[in-house]
Each structure stands twice: as C-alpha cells, then as structure tokens.
Amino acid sequence: MKQPVIVGVTPLYDIQRDSLWMVPGYMDGIVDAGGLPIMLPLTADQQQLEQLIDRIDGVLFTGGQDVDPAVYHAEMLPSCGEICPARDAMERVLLRLCRERHKPVYGICRGIQFFNAALGGTLYQHLPVELPSEVEHHMQAPYDCAVHTVSIKKNSLLHRILGKESAAVNSYHHQGVKTLAPSLIASAFAPDGLIEAVEDVSQPFFLATQWHPEFFFEKDADSRRIFRAFVQACAEKA
Ligand code: MN
C-alpha cells in the first residue's frame, strides 16, 4: 500500500487561554488535496523537531499572531498587534530544518511574514499607517470570497500552479512584506504594490501567500490548485 503524504501543520496558540487550536480549513484543504495533515506540537526543541520532520513530508506554516519585530531587528510600533514568542521560536528552528532538508513548505499569512522576517527581510507592522491604500486587505468575515486581485509574476512557481497572470483573492491581514529577504523572490502583487506571494527558487517547493486558501478552497479553484501543488510536492519528497 502506498504511504500517505503527511503534512505537518504549525499549531495556532491562544495565549490568553494557554491553548493550542486549529482553523479546520488548514487541515481540510490538505485532505482535499490528497494529503494527511497532522498538527505539530508547539515546541522549539531542535531534537524533537528534527525527529518530527524526518517523519513528515512537508510543513504548512499557518496564520496567527504578528511576528515579533525583534526577528527583523525593528522597534515595535504602537500599531503592531499581539506577538507570540513561542511560535516565533518554534518556526525559526522548523524553517531552518525544512530548508536544510529541502522539505516542501507553504506559508499562509503569518507564514509569508515569518519567512520573510526570518530570512532577512522586514515587515510593515500596520498597513493602514505605513502603506495607506484603497485596497481592502483586512476584510470582514466571512472570508470565502475575493476582495482584491493579485498580479502574478510570469514563470514563477505560482504562475505555473495557477496558469494565469492575475487572480482574485481574499485578504485578512494588517501587516505585510516591506523589504524582501535576499533569498526570496516576489511572485504576486496587490494593486497597491504590496507583495502578496514569495518563493525561494533554490528550494524544491517554497511558497507563501498573504491570502488565505484555507478559508476559500471549497469555492475557489485557485485555492485548491495551491493546496494540490503543495501536497504533490510533498508526495514527490515522500
Ligand atoms: Mn491583501
């Protein structure tokens, strides 16, 4: 029997309740794409993460709290939201291990922000203050509809996945990529110029989007295409 493709999913952490939790769409989107998701424990213990990563085929970096500006060597502005040092610590180790082992990774929302910050880029701490625009980046629920378009860089991984140069996406974020990390390329842009997707072309599959396919995949073929491409890359590494 063929082994299932196992995708590790970074846990969400409710600091006030001291509780790990999960948005079902992260798991369901992976299942819909043919993978088997498993929520990882919240730990920055390198040995534990090494043991886990050797048993999984890829990692989905989920949304969540703002990245601590200390990660990108910036002062925290008053408009920065709640941070989660435990997730920053975990994801720093996990991202390094994934990259060393060439494991497929896909980052969503906080995921694109964390990848960029951890790899040497910087973030806008609050877009309405630092990059005011007419584009609706912080939509109200429900999140299963598109609120702005993105233009997609030709010949990028995202372009190959979606097969087009423009897509309509949902948007639920108040931070964003400011200066791009040296090892990343930007592969999608909102109409106001904000970077909405990044890739590392030196890795087999390294993609992050500022938008949220986990809220949209049941209705939106593009969201399903992204989950499928990611799970397919995980299958190739399995
Ligand atoms: Mn947006």
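This report describes the overall fold, the manganese site and the cysteines of a predicted model.

## Basis of the model

Local features need pLDDT of at least 70 and side-chain atom pairs count only at pLDDT 80 or more, while totals for chains, interfaces and linings use all residues. Residues are numbered from 1 along each chain as its sequence is written, and side-chain values use heavy atoms, with hydrogens and water left out.

## Overall fold

The protein chain holds seven helices and 13 strands, taken as DSSP runs numbered from the N terminus (helices: H or I, at least four residues; strands: E, at least two). Of its 238 residues, 54% count as buried, meaning under 20% relative accessible area, with exposed over 50% and partly exposed in between (1.4 Å probe, protein chains only). Along its principal axes, the C-alpha trace spans about 55 × 40 × 35 Å.

## Manganese site

The manganese ion has as protein donors His-137 (ND1), His-148 (NE2), Ser-171 (OG), His-173 (NE2) and Glu-196 (OE), at 2.2 to 2.3 Å. Donors are N, O and S atoms within 2.8 Å of the metal (3.2 Å for Na, K and Ca); water is not among the atoms, so sites may look incomplete.

The donor residues follow the spacing H-x10-H-x22-S-x1-H-x22-E. His-148 lies in strand S8 (residues 148-152) and Glu-196 in strand S12 (residues 195-199), a pair 48 residues apart that links distant parts of the chain. Both His-148 and Glu-196 are buried.

## Cysteines

A disulfide is a pair of cysteine sulfur atoms within 2.5 Å, and the count is zero. The sulfur of Cys-84 is too far for a bond because the closest cysteine sulfur, in Cys-80, is 12 Å away. Cys-98 is likewise in no disulfide, with the sulfur of Cys-234 the nearest at 9.5 Å. Cys-84 is buried at a relative accessible area of 1%, and Cys-98 is buried at 1% relative accessibility.
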